[in-house]
Amino acid sequence: MKWFKRITAAQTISWRNDRAHDNCNKLMQWKLDAIADALRQEGIDVAEIWISSTGAMEFSQEIPDYLHQRLRNMIIS
């Protein structure tokens with residue numbers, strides 16, 4: 001299922017190897033660092049955030065529900 005979300009998303013933020021990466025290079029580095037810190041504090045090793053062309057965000061199952069809004073706020077701000 002992740003592969004489908006990856007190919008249909010306008011933008012993907014990946015968290016791997018203790019680093020957040022934006023496939024479109026649209027986010028400033030400080031935002032990626034904030035996302036990385038939040039995921040690191042939760043002990044998450046691998047995760048993805050998919051953003052549609054309309055701005056709707058979906059989160060991989062590794063990211064707990066209670067963290068979704070916090071990450072949305074980081075990305076949008």
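F59 is buried, with a relative accessible area of 11%; buried means under 20%, exposed over 50%, and partly exposed in between, using a 1.4 Å probe and protein chains only. Before going on, note that this is a predicted model, in which local features need pLDDT of at least 70 and side-chain atom pairs count only at pLDDT 80 or more, while totals for chains, interfaces and linings use all residues. Residues are numbered from 1 along each chain as its sequence is written, and side-chain values use heavy atoms, with hydrogens and water left out.

On confidence: pLDDT is the predictor's confidence in each residue, from 0 to 100. The protein averages 92, and 99% of the residues score at least 70. Confidence is lowest in helix α1, residues 2-8, at a mean of 74, and highest in α3, at 96. Helices (H or I, at least four residues) and strands (E, at least two) are DSSP runs numbered from the N terminus.

Back to F59. This residue sits in strand β4, residues 57-59. What does F59 touch, not counting residues up to four places away in sequence? The list is E48, I49, W50, H68, L71 and R72, where contact means heavy atoms within 4.5 Å. E48 is eleven residues from F59 along the chain, and their C-alpha atoms are separated by 6.1 Å.

Next, the helix pair. Helix α2 (residues 29-41) and helix α3 (residues 65-76) pack at an angle of about 165°, with their axes 9 Å apart. That makes α2 roughly antiparallel to α3, since angles over 145 degrees count as roughly antiparallel, under 35 as roughly parallel, 65 to 115 as roughly perpendicular and the rest as oblique. Axes here are lines fitted to C-alpha atoms, for helices over the stretch in contact, and angles run from 0 to 180 degrees between N-to-C directions. From α2, the contact uses K31, A34, I35, A38, L39 and Q41; from α3, L67, R70, L71, M74, I75 and I76.

Now the loops. V46 is in the loop between α2 and β3 (47-51), and at 36% relative accessibility V46 counts as partly exposed. Leaving aside neighbours within four places in sequence, V46 contacts W15, R16 and E62.

Last, two asparagines. N17, in the loop between β1 (11-16) and β2 (19-22), has a positive phi of about 50° although it is not a glycine. N17 counts as exposed, at 74% relative accessibility. N25 lies in the loop between β2 and α2, with a positive phi near 55°, and counts as exposed at 65%.
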